Amino acid sequence: MRGKLVVGNWKMNGGLAANAALLAEIAAQWRPSPGRDLAVCVPYPYLPQAQGALAGTPIAWGAQDVSEHDAGAYTGEVSARMLADFGCRFAIVGHSERRQFFGDTDAIVAAKAGSALATGITPIACVGETLAEREGRVTEAVVLRQLDAVLAAVGSGATRLVIAYEPVWAIGTGRTASPAEAQAVHATLRARLAKAGAVDVPLLYGGSVKADNAAALFAMADIDGGLIGGASLKTAEFLAIARA
Ligand code: PEP
């Protein structure tokens, strides 16, 4: 039986004071229930803050990226082992903003997923099509290409992945995939994961999820929760999504 997982992606937002308030509110107000898990992925400098504020709570924390390299002359990069030092449970890899602005290719994303898994960190591997790709009717081909790259790199580690379907046209735009549109892609991804022996991998939806559309999305058979950007910065909104 798959549960529900809701993960906040703070992106490049926050500051010590604002984070302290947000983390304290989430920790105080989140009532865990069986099969419902909550996590936040914070900017690197705030990992110790998240670790301090959330240790001993049922809320997990993670990073928004990870290097594909183990160590060495890679200025500006952060390795999976460093994330593990701060108790990270998750690392997002292949977010469309990384693919679009920082040159993360399918091969790099796959290597990042592998390096996270090697240290026991769960990669949240993002896949998703652009608006042009959706309009060109190649959504399925794009998300399967992105997923296949990760599956090929991680082998039997596939069962320890989390996958997030995030249509690029829905991220931060206020435009959400309809539950049926999202479910159709999730079913495609689920079928591919089943072939790889990883049918129970959590499949999150991301893209302008809000308190008022989360329940309809999460009610779909193959949607196991959400990756939440903007709405994860507001306690009441984020927790309402997590309870949806
Ligand atoms: C995201 O950044 O992963 C995301 C889904 O953002 P938003 O919820 O703001 O669309």
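## Strands and barrel

Strand β3 (residues 59-63) pairs in the parallel sense with strand β4 (residues 90-93) over two bridges. Strands and helices here are DSSP runs numbered from the N terminus, with E and at least two residues for strands, and H or I and at least four residues for helices. Two strands pair if DSSP finds at least two bridges between them. Gly 62 has Phe 90 in β4 as its bridge partner. Helix α2 (residues 47-54) packs on the sheet and touches β2 (36-41) and β3, where contact means heavy atoms within 4.5 Å. The direction of α2 makes about 175° with that of β3; axes are lines fitted to C-alpha atoms, for helices over the stretch in contact, and angles run from 0 to 180 degrees between N-to-C directions.

Eight strands form a closed barrel in the order β1-β2-β3-β4-β5-β6-β7-β8, with parallel pairing. From one strand to the next, the twist averages 25°.

## Basis of the model

The model is predicted: local features need pLDDT of at least 70, side-chain atom pairs count only at pLDDT 80 or more, and totals for chains, interfaces and linings use all residues. Residues are numbered from 1 along each chain as its sequence is written, and side-chain values use heavy atoms, with hydrogens and water left out.

## Ligand surroundings

There are 14 residues around the ligand, and Lys 11, Glu 166, Gly 172, Ser 208 and Gly 229 come nearest; a residue is near if one of its heavy atoms lies within 4 Å of the molecule. By class, this shell has four nonpolar, eight polar and two charged residues. Ala, Val, Leu, Ile, Met, Phe, Trp, Tyr, Cys and Pro count as nonpolar, Asp, Glu, Lys and Arg as charged, and the others, Gly among them, as polar.

Oxygen atoms of the ligand lie 2.7 Å from a polar side-chain atom of Glu 166, 2.9 Å from a polar side-chain atom of His 95 and 2.9 Å from a polar backbone atom of Gly 230. The protein covers 96% of the 290 Å² of accessible area that the ligand has on its own, by the Shrake-Rupley method with a 1.4 Å probe.

## Loops and backbone

Gly 229 is in the loop between β8 (225-228) and α10 (235-243). Leaving aside neighbours within four places in sequence, Gly 229 is in contact with Asn 9 and Lys 11. Lys 11 belongs to the loop between β1 (4-9) and α1 (16-29).

Most residues other than glycine have a negative phi. Lys 11, not a glycine, has a positive phi of about 55°. Arg 137, also not a glycine, has a positive phi of about 60° and is placed in the loop between α6 (131-135) and α7 (139-154).

Terms used: A polar contact is a pair of N or O atoms within 3.5 Å; within protein, one must be able to donate a hydrogen and the other to accept it, and residues adjacent in sequence count only if both atoms are side-chain atoms.
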